[in-house]
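Visitor: I would like to learn how to read a structure like this one. Please take me through it step by step.

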Amino acid sequence: MRKIGMALAIAALMSGSVATAQTAYAAQTTHDTNVYTQPSVPTLPKVQMLDCRGTTGAMGCGPGWFWRDGWRGWSCYPC
Amino acid sequence: MKIPTRAGGSLIAAAVMTIGVTVAGFGSAAAQPGDYGTLPVDPNLITDSLAYNAAPPTFNPNGQPGVTAVYTHRDGSRQITSTILVLPDAQAATATLSGAQPQVTGMVANGKTEPAAVGTGGTTVSGMSPDGSKSVTVLTFTQGNAATTIEFDGLPKDPAPVDLVLELGRKQDTAIRDWQAA
């Protein structure tokens with residue numbers, strides 16, 4: 001009787017291990033828990049109009065304008 | 001770069017030598033004697049106030065009543081020449097500018113002629129000088145018995161802006177009207 005009990009216990013241990021392993025394997029193959037990130041798609045470069053000197057405008061001139069001594073003297077003129 | 005100066009400054013003065021003299025005989029005596037020195041409008045009124053240096057005015061260019069004033073930009077690259085002739089009457093003023101038109105178009109190669117909302121019969125001719133050395137814009141108009149040309153000379157790639165041409169022209173027109181009413 002004692003031998004039978006030991007055999008059952010060993011059998012139970014072995015079958016349990018195998019079952020657990022199968023379950024874990026199944027989980028890996030059917031329910032992937034890894035987090036995959038979508039590669040970011042490069043966006044178009046943002047264009048910011050700058051003045052002719054490549055700055056945001058000297059002497060308060062807005063983008064597309066620059067400071068020079070022209071027909072109206074020192075003033076903002078279009079690029 | 002220096003813009004070549006226009007000796008004497010007046011192209012309509014030359015034209016009026018023939019036209020003005022002809023009509024002077026039957027004018028209505030509307031021509032006003034007096035000081036023409038206050039007639040030309042200084043372009044510094046519409047600049048940073050120091051951009052142009054004025055040469056001494058030429059009174060009665062080519063013997064015609066009126067004045068020519070030359071304003072040179074401090075960097076020497078731009079020049080504004082204003083000529084105002086005071087003729088016997090409005091018809092004479094109109095005839096003078098009509099007579100000067102071939103000369104105006106002749107001094108601008110492939111010039112673009114456009115109407116300008118300045119005075120009476122305002123017209124601009126813009127383009128390059130025949131030798132290509134400078135940009136040229138000429139505004140002509142009459143106001144009563146006054147015939148006016150304002151010439152803007154600049155570097156080839158730096159023509160006078162239209163808004164500046166019109167603004168100075170309108171201020172000149174107003175100054176002439178004020179002078180006539182005084």
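Visitor: In which strand of chain A is the place of Cys76(A)?

Guide: Begin with the secondary structure. This is a predicted model. Cys76(A) lies in strand S2, residues 73-78 of chain A. Chain A has one helix and two strands, in the order α-β-β along the sequence.

Visitor: Is Cys76(A) buried, partly exposed or exposed?

Guide: Go by relative accessible area: buried means under 20% and exposed over 50%. Cys76(A) has 25%, so the residue is partly exposed.

Visitor: Which residues does Cys76(A) touch, leaving out those up to four places away in sequence?

Guide: Contacts are read from distances between heavy atoms, with a cut-off of 4.5 Å. Cys76(A) touches Met59(A), Cys61(A), Trp65(A), Phe66(A) and Trp67(A). For Val41(A), 35 residues away in sequence, the C-alpha to C-alpha distance from Cys76(A) is 39 Å.

Visitor: How much of chain A is buried?

Guide: Of its 79 residues, 13% are buried. Chain A exposes about 6800 Å², with 67% of that supplied by carbon and sulfur atoms. Among its contacts with a separation of 6 or more, 5% join residues 24 or more positions apart.

Visitor: How many residues are in the largest nonpolar core?

Guide: That core has 28 residues, and those with the most contacts inside it include Trp71(A), Leu39(B) and Leu139(B). In chain B, strands S3, S4, S7 and S8 and helix H3 each supply at least two of its residues. H3(B) gives the most, with seven.

Visitor: What is Leu139(B) in contact with, beyond its neighbours within four places in sequence?

Guide: Its contacts include Ala116(B), Val118(B), Ile150(B), Val165(B) and Gly169(B).

Conventions: Residues numbered from 1 in each chain as written. Chains lettered and ligands numbered in written order. Predicted model: local features only at pLDDT ≥ 70, side-chain atom pairs only at ≥ 80, totals over all residues. Heavy atoms only, no water. Helix = DSSP H or I, 4+ residues; strand = E, 2+ residues; numbered from the N terminus. Buried < 20%, exposed > 50% of the residue type's maximum accessible area, 1.4 Å probe, protein only. Areas by Shrake-Rupley, 256 points an atom, 1.4 Å probe, with all protein chains shown as cover. Core = buried A, V, L, I, M, F, W, Y, C linked by side-chain atoms within 4.5 Å.
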